[in-house]
Amino acid sequence: VNAPIGTFGNPNFQSAFMGISAATALTLAVFSSLKIYYKVALVVLVTIAIYNVSVSSQQGYLNFVAGFATAAIIYLFKQKKVVLGWAALALFGFAVILFLLGILDKGPLAQIIFKSSLQARNSYWRGAMNMIFDHPFFGIGMDGFGDWYRRSWPGVSGVTDTAHNVPLDIGASGGLPLLFLHLVIIGLALLSIIKVIKRKGEFDVYFAAIVAAWVAYQAQSLISINQLGLGVWGWSLTGLIIGYEINNRNPKQVEDQKMT
């Protein structure tokens, strides 16, 4: 089957975007109180997106499952179904561990996950880590990965100009200080999600949809490059989540913070 025509320049990137879109649309279709014809339209969008993933690249499935599972877990906790919520969270965490082991060619999923593309990525990631350890303070410079890859990973075959992992790419380019700042921003978004969930008494489906898209992007960022068409969504969603938390604070809490 021919890959569908898109504007992302690569079937992997298009598949990733379809996975993000499907996670967001399905969250709204399942958990919102929208009118039935809106929900039907969302289900059609999900179907098209998943079909797009199936003929483009398998990466979109990872994004989709990670994003929608996160929204479903939030829904369970906000609906006071605590036991189911913890069970789903534990199952999700276990699946993440199995997937990470599979990426490293370990565990029961290794034969399924550790294919040729991930085999190559494993070398890219090791090269990036060597760059970070060898140049911890300033990195090797922006867009310098291709020049340093074979120097940092002697004996490796092939060439690449990116680590195929956004945090490692940032760390290799700008060293530990830039990697630390990147992780701080991601941590702020994660903290904002937790604060909003704890603060709001009812389930906010629109916030859950934003979180689903954000988690889907973060999952993609661990195995792919900082491609502009996807990266703009990652940074925009991160800022949107942090801004959402600030905008939904108690007015008294905001006033107290201004006074301090």
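Begin by selecting Trp 148 and Arg 151: Arg 151 lies over the face of Trp 148, at 4.2 Å from the ring centre. A charge counts as sitting over a ring if NZ of Lys or CZ of Arg is within 6 Å of the ring centre and within 35 degrees of the ring normal. The model is a predicted one, in which local features need pLDDT of at least 70 and side-chain atom pairs count only at pLDDT 80 or more, while totals for chains, interfaces and linings use all residues. Residues are numbered from 1 along each chain as its sequence is written, and side-chain values use heavy atoms, with hydrogens and water left out.

Next, select Phe 64 and Phe 68. These two residues form a stacked aromatic pair, 6.5 Å centre to centre with 15° between the planes. Rings of Phe, Tyr and Trp (its six-membered ring) pair if their centres lie within 6.5 Å; planes under 30 degrees apart count as stacked, over 60 as edge-to-face and the rest as tilted. Both residues lie in helix H3 (residues 59-78), four residues apart, about one turn of the helix. Helices are DSSP runs (H or I, at least four residues), numbered from the N terminus. Phe 64 and Phe 68 are both buried, where buried means under 20% relative accessible area, exposed over 50% and partly exposed in between (1.4 Å probe, protein chains only).

Move to helix H2 (residues 36-56), where Tyr 37 lies. Ile 36, Tyr 37, Tyr 38, Val 40, Val 44 and Ile 48 form a nonpolar patch on the surface, with about 630 Å² of accessible area together. Such a patch is made of residues with over 30% relative accessible area and no salt bridge, nonpolar side chains (Val, Leu, Ile, Met, Phe, Trp, Tyr) being joined within 5 Å; the areas come from the Shrake-Rupley method with a 1.4 Å probe.

Now select Glu 245, Arg 199 and Arg 249, which are linked in a network of salt bridges. A salt bridge is a side-chain nitrogen of Lys or Arg within 4 Å of a carboxyl oxygen of Asp or Glu. In the bridge between Arg 199 and Glu 245, the closest N and O atoms are 2.7 Å apart. This pair links distant parts of the chain, with Arg 199 in helix H8 and Glu 245 in helix H10, 46 residues apart. Arg 199 is partly exposed at 31% relative accessibility, whereas Glu 245 is buried at 2%. Arg 249 approaches Glu 245 with closest N and O atoms 3.0 Å apart, and both of these residues are buried.

Finish at two backbone positions. Lys 80 has a positive phi of about 65° although it is not a glycine, and is found in the loop between H3 and helix H4 (82-103). His 164, likewise not a glycine, has a positive phi of about 55° and lies in the loop between helix H7 (145-152) and H8. Lys 80 is exposed at 67% relative accessible area, whereas His 164 counts as buried at 16%.

Definitions and conventions: Patch = residues over 30% accessible without salt bridge, like charges linked within 9 Å, V, L, I, M, F, W, Y side chains within 5 Å.
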